[in-house]
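Please read the points below beside the coordinates and the sequence. They are arranged by type of feature.

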Amino acid sequence: MTDVDREVEFLAPGAPVDLSNCEREPIHIPGSIQPRGVLIVVSDPDWVVQQVSENLADLTGVDWQTAIGRPLPEVLGVAAAGAVIRSASAFGDLRERNPVEITLDVGGEPVPVDALLHRAVVERGTAEAGDGPVATRELPISSLVVELEPARGPRPFSFPNTYQAVRGTIAELNRASSLSQLYDITARAVRTLTGFDRVMVYRYDADYNGEVVAEARREDLNSFLGLHYPASDIPAQARALYEKNWIRLISDVGYTPVPIHPVDHPVTGRPLDLTYSTLRSVSPIHVEYLHNMGVRASMSISLLRDDKLWGLIACHHYDGPHAPPYATRAAAEFLGSTLSLRLTDRAAEEEVQRALRVRSTLAWLTAATLDEDRTLTETVLGSPSLLDVLAADGVVVNLQEQRGAAGAALPQSLADAVAAWAASRGDDVVATESLGADAPHLTVPTELVCGALVLPLPEGQYVLWFRGEAVRHIDWGGDPHNKAIAEREGDEIRLSPRKSFDRWRETVRGRSEAWTPQEVGEATELRTHLLEALYARSRSIVRAAETLQRSLLSDPPEPDHLDVGVRYVPATREAQVGGDWYDVFRQPDGSTMLVIGDVVGHDTQAAATMAQLRGLLRGIAYDNGNGPASVLSRLDAAIEGLDLGAMATVLVGRLEQTAEERARGVTRLRWANAGHLPPLVVGPDGTQRLLDSARPGLLLGVDPSVARTEHEVEIERGSTLLLYTDGLVERRDQVFDDGVELLAEALAELRSRPVEEMCDQLIGRLLPDGGEDDVALVAVRLRPQER
């Protein structure tokens, strides 16, 4: 069963499809193919034909009825079948070795053919995995899918030749200085390469509405550049296929589908999944859509970012069928993959530059907010100000009974009402681009404000950015609100795709420019800094501890294989925030970063430095390419380069797991240490291990040129890993070694308790009367492997 199967309740195969139910059409199991080639399904590894397309004789000279149940060599010939079987038996991904170039003997005439191979999982069984009758592992049962197309274009095919075909374009893409240049270069190159009448680069927004951002076309064709198309034009299950199979060709939109016999696979009793098929028959709704556009042939190439569909290169032909040979399609797909990489690189570069600018402002504001000679309101509205953190028409603040504003004016009563509405939502950050839609009871005049981003703070305090109305004119390819027309078929009425694709302009009102996820994230970080400042200015130990616990250090993520507990306990001898901190966050590749640190000092300057280092480290570490040692080296360099004058001990760890490690029931910890206390690991059986075999390394802020060493260890599932600061194990009447020994014994004794309860009991046992120093800790339980 595919991911799409689990998410969508599909129509039964063969059920009537129109626009009222096309989002549930099982397009991955159409039971037919396009007639430009033939399809053969054979059992693996005995190579007996299980299913075949009805047009088999057109290319091989063998009737489909006689092919079923016969060995593949009796259908293709010994030499051709041997080449297919050798490729299918080799190690690695079959699709990377396509095409298999074979020659069929049809009536005594040699017929050159491209064989395109992939495996289709038809059933999941079990096999013995080791000693004992119940030790089993899941084993996929697959069939080999062989698709044959008449060979066209230069032979033999090779990927070096494919690269040579697009080498000049790759060089142009490398020199491009803007996204629009990347789009235009790709559109022109794909059209030159493939010969389609029109080639468009099509970009999705967050809701999968598409926009044509580049176009190369025949001079006599109307331009589609700048047109938008609703998400319903490409339903979710079609987008899911585009993320798996990166190129799709319809060489003749007017084709008659060729049935596959038998319809159901003999092993499963269900139609064969053609997700990765190049000949897969397409939805009749999509064919009708293309007919309505006057398109006679079509090809689409996926553009991906982080394995998610970002857009498409859409190719249309109008003069008749058009079938670029496999080598040409491979070159075009290579161009699409290259553009995907360039788009990711460009977006990442632009985001890094913008994020660095914002983080610099945040670092300055963080330090400035701890200057108690100025009110918080004066500080955040000075220079730089909150409007340098987030672009907005204006900002209103209400901090410690001091109000202020910058930019455009907003009535105080309206600002208070919007802030109260945001606070009632219960979120740390509340963002909307349409107060009229999301908070209609406020009856906010759109001429004053449409969008708002609010940081609700304790005791009715808040920060509120607002944006005015941004009237947008969207040019659609046809009316997006009238996507279907009703057509009579006999006694029935069916909904058919729209037939008009003329430019249709829609004016969108009542909305501001949207708040991006990056802006929301930066506002969240600013909220943490503001709460740090509010805590530092507080003279009540109870209020200070509560504020810090609630906001300074965010709740950790909850990966499905880890239980994570975090604690921060302020020192009982002063009502100041200290220099200890922790951080836990996920990386895009699924690994988990663990950070524990302690800034030298126990004053407001230590708190400011802590906030700066925490923000800088998170920004540096949020990148799959940066290991723990690299993170520490770059943070040390930033301390010197930004002239922070800080010294701190920091330990950075990364928990990651390969499929092989998951199968063995272990997780790998990579860590680097800058003068901090060593991690402590207690196994499921209570075995204690202090990871102190290597020197802890020089603390940060002393010598940024020192090389940082990275360490690695495998940790058994069911174990508990603990990172902590010295306030937990070091007291005036107790040396460090004794404290660590007591901690290890307590952790071993409490290892079976839930992580949250374990954290509280650890602190209670080691600090029964409270700590002389502030304490931070991170506890990670590696959940036992499911059996």
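1. Basis of the note. This is a predicted model, in which local features need pLDDT of at least 70 and side-chain atom pairs count only at pLDDT 80 or more, whereas totals for chains, interfaces and linings use all residues. Residues are numbered from 1 along each chain as its sequence is written, and side-chain values use heavy atoms, with hydrogens and water left out.

2. Salt bridges overall. The whole structure contains 30 salt bridges, a salt bridge being a side-chain nitrogen of Lys or Arg within 4 Å of a carboxyl oxygen of Asp or Glu. One of them pairs Glu-149 with Arg-36, at 3.4 Å between the closest N and O atoms. This pair links distant parts of the chain, 113 residues apart: Glu-149 belongs to strand S6 (residues 136-150), and Arg-36 to the loop between strand S1 (32-33) and strand S2 (38-43). Helices (H or I, at least four residues) and strands (E, at least two) are DSSP runs, numbered from the N terminus. Both Glu-149 and Arg-36 are buried; buried means under 20% relative accessible area, exposed over 50%, and partly exposed in between (1.4 Å probe, protein chains only).

3. A salt-bridge network. Arg-668 and Glu-656 meet through their side chains in a salt bridge of 2.8 Å, N to O. Because Arg-668 lies in strand S27 (residues 666-674) and Glu-656 in strand S26 (residues 648-656), the pair ties together parts that are 12 residues apart in sequence. Salt bridges with shared partners join Asp-589, Arg-654, Glu-656, Glu-661, Arg-668, Arg-670, Glu-710 and Glu-712 into one network. Arg-668 counts as buried because its relative accessibility is 16%, and Glu-656 does so at 13%.

4. Glu-215 and Arg-217 form a salt bridge, with 3.2 Å between the closest N and O atoms. Glu-215 counts as buried at 18% relative accessibility, while Arg-217 has a relative accessible area of 30% and is therefore partly exposed.

5. Polar contacts. The side chains of His-265 and Ser-143 are joined by a polar contact of 2.9 Å. A polar contact is a pair of N or O atoms within 3.5 Å; within protein, one must be able to donate a hydrogen and the other to accept it, and residues adjacent in sequence count only if both atoms are side-chain atoms. His-265 is located in the loop between strand S11 (258-261) and helix H9 (284-293), and is buried at a relative accessible area of 1%. Thr-60, in helix H2 (residues 56-60), reaches the backbone oxygen of Leu-56 with its side chain at 2.9 Å. A polar atom of the Thr-60 side chain also lies 3.2 Å from the backbone nitrogen of Val-62. Thr-60 is buried, its relative accessible area being 7%.

6. Contacts across the sequence. Leu-362, in helix H10 (residues 326-369), is buried at 2% relative accessibility. The C-alpha atoms of Leu-362 and Glu-525 are separated by 8.5 Å, although the two residues are 163 residues apart along the chain. For Gly-627 and Trp-671, 44 residues apart along the chain, the C-alpha separation is 8.2 Å. Gly-627 is buried, with a relative accessible area of 10%, and sits in the loop between helix H16 (604-621) and H17.

7. Cis peptide bonds. The peptide bond from Asn-98 to Pro-99 is cis, with omega near -5°; Pro-99 is in the loop between helix H5 (78-89) and strand S4 (100-106). A cis peptide bond also joins His-261 and Pro-262, with omega about -20°. Pro-262 is found in the loop between S11 and H9.

8. Positive phi values. Thr-443, a residue other than glycine, has a positive phi near 45°. Thr-443 lies in the loop between helix H13 (435-438) and strand S17 (451-456) and counts as exposed at 63% relative accessibility. Asp-643 is not a glycine either, yet has a positive phi of about 55°. Asp-643 occupies the loop between H17 and S26 and is exposed, with a relative accessible area of 69%.
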